[in-house]
Amino acid sequence: MTEYIETLLKRFIADKDQKKYRISFTDDGTLAAAWKGENLNDLQRAVRRLQFMLENEVPHVYPDEKIALIRTVPQIPEIFTEQEREEIRKAHYIHEQGKVCNINPEYIRLIAPGFDQKRLEIRAELQKDCTPEKKEYLEALLTVLDLIQAFAARYREAAEKAGNETVAKTFARIPAKAPETYLEALQFLRLLHYCLWCSFNYHNTLGRFDQYMYPYYRADIESGRLDRGSALELTEEFFISCNKDSDLYTGMQQGDNGQSMVLGGLNPDGSESYNDLSDLCLQASLELRLIDPKINLRVNRNTPLSLYEKGTHLTQKGLGFPQYANDDIVIPALKRWGYEEADAYNYVVAACWEFIIPGRGADIPNINTMSYVRTITETLDLLPSCETFESYLELVHGSILRQTEELVSLAKNVYMEPAPLMSLMMEGCIQSGKDVSQGCRYNNYGFHGAGLSTAVDSLAAIRKYVFEEKTISAEKMVSMCRTNFAGCEEIQNMLRYEAPKFGNDDDSVDELAKQLLDWAADALEGKTNDRGGIYRAGTGSAMYYVWDSRDRIATPDGRREGEELACNYSPSLFIRCEGPVSIIKSFTKPDLVRVSNGGPLTIELTDTMFRNEESIRKVAMFVKSFFDMGGHQMQINAVNREKMLDAKKHPENYKNLIVRVWGWSGYFVELDECYQDHIIKRMELSV
Amino acid sequence: MYGTIFDIKQFAVFDGPGIRTTVFLKGCPLRCEWCHNPEGLSFSPQLMVSKAACTHCGRCKAICPSPSGCIVCGKCVRACPLGLRRITGKHVEAADLAAKLLKDRTYLEKQGGGVTFSGGEPTAQGEFLLETLRLLRPIHRAIETSGYCAPDLFREILSELDYVIMDIKHTDDALHRRYTGVSNQKILRNLEQLKKSGKPFRIRIPVIPGVNDSEENFRETAKLLTDTEHLDTVELLPYHQTAGAKYEMVDMDYKPSFQTDRLPNLNTAIFAEYNVPCRAI
């Protein structure tokens, strides 16, 4: 790492110097009320919001930096009044905050041509026979480009004042003209990314950075403008920029900001896209040890062990990434769901792990969750009426079908605020004059699948003790769960620690998991949403591992009332598994191609496993083996439980302790306690 | 034939080539002061309790049929609401153990690994070990041993192994007796057998501050290993202060007589002088 990067790290990460330039602004609803008073429609208000943000920003340029932009307006105003929001909520399904989020814009759609060229394209479209709505929309797009360009011009002035010729020169060219260097392209990307956040879009992913930035990188290397070292430095500076304002970004928890980056992956002709820049990104992440951007590696059966070794060195840093995705499973899964071949090969991950398509996918891959725990809790009372295990299993199947109907009927008439800047980077929005908030090429909805292990373990326990051994009567099982095992602690203990579990390479148990997942996939098969998209089943949990556990009664696997579920696609929290080999054998048995909405097997390894090159290679072999056996996605963490326990007691000593939460990494001490505790419990599973 | 094991650990990365499954055999004739696996010392199953998280709810006491002394009945294990109790040590039939391990044969082979027997001292259950090893012939088989074993038995066990990891804890017999409770004579004889066996092997020194980390002991050890054809490497394993963590769980005291807080000498240079590959891990 160069001295310059160390300076930046100290300034922006340790000292957080940029925060002192923040002005005070609290959204008290005045703006929305005024816009309502002016009778502005939602599109006009979205443009006004961006205008408000960019015009109120106070540009600050440090004399030595090469990639500028910091946020000074701390909050982004809502465009609707409280009352209007209520009305929208009555008429529509509102996903999360009602903003366009969690998709991957193709930044290159603006970077490659530059704004001047893009304006020509929009104006050409305006020349055609346009409806008034389309005309209004295209004009709004032009306004957005003007606003951003004016903002960039103010940054150029600030750079000149600060005596920073590099930044001034960059902004003299971009965004009006196409960038000519890697540095200009990076600053362009930073500008667009920054303006997306200012537009109140969130979970703004970075996608296949190593692919779309590669031409700029290569041109600089070939021309001799950059060598590997200086290119690394620039890449690192860009990575640091992703952390400058991230405390202002929208998310469930600090760190959940969706700045995911995907490296490598197969091309449609079967060749590998992993390149020098991918390598540079891995190195940058390794050196910086920052939570953003969050690195994902695309792998396949031919991925060499050496790449897994590089990934494992990054895992060793304890950042909770890279996360891996298997092209051999994900690409066929996407094709099966109707994604075009080229798009399937171009997949990225959304904020956490949901698979989406850059520039063409307006999917909502996290619209809701199938609750596998509910399949047990809502059928349990009928257990005594079942004569066979199979007849009980049919009730569980019924619950899956019922939930599917509910989930599908809920997700209707979705409304999102217009996102003109985002739309400029999505296919077809200019030609159609339709905002991406109304859809794009792909408009599929994805459901997570929370609590799978709890349901599987419960079924395995019911089968064994109620139907096979007949040591626990059906009535007893129901009453124990209803009363949270009060007075039956010994039986509960047996159910928790001695009963068959998913994750122990026990075919009869693993088949139950396969069955539940198949049913969830079957139930969605052929269903379409009102945006013309389909539904995808998944194995992620997101925050539902906490949310969906809270009001759930105790379960036949010995889980206590309210006790949390496993994170994502993982064994139940409290069980003592036979080990990681059994876990990956079990978890690769289901037909994952059918449930590849996203959701990784999560494995925690103690940091001592990363002690030397030899053991790091073996960890890499282990990761590879999961994918060779047909795993779809894996997130692997190097952890130290003692460290976390101590961090809870002395947070002041652990400001830099980074952990993986559900699909993202965050600073441990900034998490709510329930998430801290869940991570510590997960650690008890670790080897 | 039955044996007693206290753990099967998958994905062992420090116990031989590739990814391995390590089986821990219970019972050991040595009493090394620094032993970090106290549950491996006794040959019998024992109750193990994680006392730190105990809330003293009393359920275990209420159910105990033998308050005067543990009879390892296991009743209190299920009684504990927090799952803090377990029985360490399980009698297993060699054939069952082998069948369980063979289930992962394809996986382990693909990862260039196999099965490793550790302990305790695995050779202390020699017949059981031999029978299991024979049943596992299709898999790469390794051992982690103190080398403290009757030489004839050791030779027989060696013939069933593909890889050996053996400790040389001290070259000085008197000090060996003092810190491990046994003489090193058998161990050094078995080392000679091992060197002649043609089996690839690795030597480990648990480096204990003030006990065996002197230049002289390193030098004497290096001399024993000079010009040894099948020696992969010598590994220096530094003493770790967490060694005592499990003693309370098996109701034992951890009372080492050496200075536990001093950093051990991990200088590999002496081994280099004798052309013996060596690394600290």
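The notes below cover a sheet, a loop serine and a helix in this predicted model.

1. Let me start with the sheet. Five strands of chain A form an open sheet in the order S1-S2-S3-S10-S9, and the pairing is mixed. Strands S1 (260–263) and S9 (601–606) of chain A are at the edges with a single partner strand each, so one side of each has no neighbour in the sheet. On average, neighbouring strands are turned by 25° against each other, direction ignored.

2. Within S2(A), Asn296(A) is the bridge partner of Val262(A).

3. Have a look at Ser273(A), which sits in the loop between S1 and helix H13 (276–288) of chain A. Its relative accessibility is 6%, so Ser273(A) counts as buried. Its side chain makes a polar contact of 3.1 Å with the side chain of Arg208(A) and reaches the backbone oxygen of Gly265(A) at 2.7 Å. Ser273(A) also touches other residues, among them Gln211(A) and Asn267(A).

4. Helix H24 (residues 507–524) of chain A passes a simple length check: at 1.5 Å a residue its 18 residues should span 26 Å, which agrees with the 26 Å between its end C-alpha atoms. Its buried residues include Val509(A), Leu516(A), Trp519(A) and Leu524(A). The cover over the buried residues of H24(A) includes helix H18 (389–410) and strand S7 (445–450) of chain A. After H24(A) comes Gly526(A), with a positive phi near 80°.

How values were computed. Residues numbered from 1 in each chain as written. Chains lettered and ligands numbered in written order. Predicted model: local features only at pLDDT ≥ 70, side-chain atom pairs only at ≥ 80, totals over all residues. Heavy atoms only, no water. Helix = DSSP H or I, 4+ residues; strand = E, 2+ residues; numbered from the N terminus. Expected span 1.5 Å × (residues − 1). Buried < 20%, exposed > 50% of the residue type's maximum accessible area, 1.4 Å probe, protein only. Contact = heavy atoms within 4.5 Å. Pairing = 2+ DSSP bridges. Axes fitted to C-alpha atoms, helices over the stretch in contact; angles between N-to-C directions. Polar contact = N/O pair within 3.5 Å; in protein donor to acceptor, adjacent residues only side chain to side chain. Lists of a residue's contacts leave out its neighbours within four places in sequence.
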